[in-house]
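Q: Please take a close look at one part of this model. I would like the aromatic ring pairs, and then the cavity.

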Amino acid sequence: MADGFTITKFRDVADGLQAGQFAVGERRKASSLDDLDPVHRDLLDRPITVSLGVMTPDGRIGLTPMWFDYEGDKILVNTASHRSKCGWIRTNPEMTVLIVNPDNPYHWVQIRCTVEEELREWEEGGERVTRQLDKIWSKYTGAEPPYGLRDPEIDEKRVLFVCRIDRIATFGRPA
């Protein structure tokens, strides 16, 4: 979808058993994340470790627990440049993020997205990569910047993949 994306809402079991549960309940067009129901939008802002799914060279999905961030209507994926998933993303720039409410596994958001831009910490504009990393460091740890988990054995450099949203699926309610 060139101007936005589709939000698919699955029928859930929040109100008990129902005919057609777990099937698609509705699909609607969205122009931004502002169109996401607040009970699902809230998951994007919480410090929930998400699962990132990317295609590996053997054709299987590689899942990685990661910190999540977005800016406007772009999903941001920040990773160390030496990690395998960085190369996998370059080879196949389509990925899926799954955010599951840790208080209720029947409340989740899935975001399918595609890389539009790759920013490298060591190139012009790289300070944006570092700022974003420091931001999620504080979001997830409560600690002040700078990011405190750089590998001390190597000169770790970071890559930021800026992704457009292709489609969103939602399920359930907080509790």
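**Aromatic pairs and the cavity**

A: Y147 is buried, because its relative accessibility is 11% and the cut-off for buried is under 20%. This is a predicted model. The rings of W137 and Y147 have centres 5.6 Å apart. Their planes meet at 85 degrees, so this pair is edge-to-face. It joins distant parts of the chain: W137 sits in helix 3, and Y147 in the loop between helix 3 and strand 9, 10 residues apart. W137 is buried, as is Y147.

The count of aromatic pairs comes to seven. Another of them is W67 with Y147: the ring centres are 6.2 Å apart and the planes stand at 90 degrees, so this pair too is edge-to-face. Here the partners are 80 residues apart, with W67 in the loop between strand 4 (61–66) and strand 5 (69–71), and Y147 in the loop between helix 3 (127–141) and strand 9 (158–171). W67 is partly exposed, at 24% relative accessibility. Ring pairs link W67, W137, Y140 and Y147 into a cluster.

The search of the whole structure finds one cavity of 30 Å³ or more. Strand 3 (50–55) and strand 6 (74–80) each supply at least two lining residues. Strand 6 gives the most, with three.

Conventions
Residues are numbered from 1 along each chain as its sequence is written. This is a predicted model: local features need pLDDT of at least 70, side-chain atom pairs count only at pLDDT 80 or more; totals for chains, interfaces and linings use all residues. Side-chain values use heavy atoms; hydrogens and water are left out. On a 1 Å grid over the protein atoms alone, a cavity is a set of points where a 1.4 Å probe fits but cannot get out, and a pocket is an open set with protein on both sides within 12 Å along at least five of seven lines; lining residues have an atom within 4 Å of a point. Grid points are joined across faces, edges and corners, and a volume is the space filled by probe spheres set on the points. Helices (H or I, at least four residues) and strands (E, at least two) are DSSP runs, numbered from the N terminus. Rings of Phe, Tyr and Trp (its six-membered ring) pair if their centres lie within 6.5 Å; planes under 30 degrees apart count as stacked, over 60 as edge-to-face and the rest as tilted. Buried means under 20% relative accessible area, exposed over 50%, partly exposed in between (1.4 Å probe, protein chains only).
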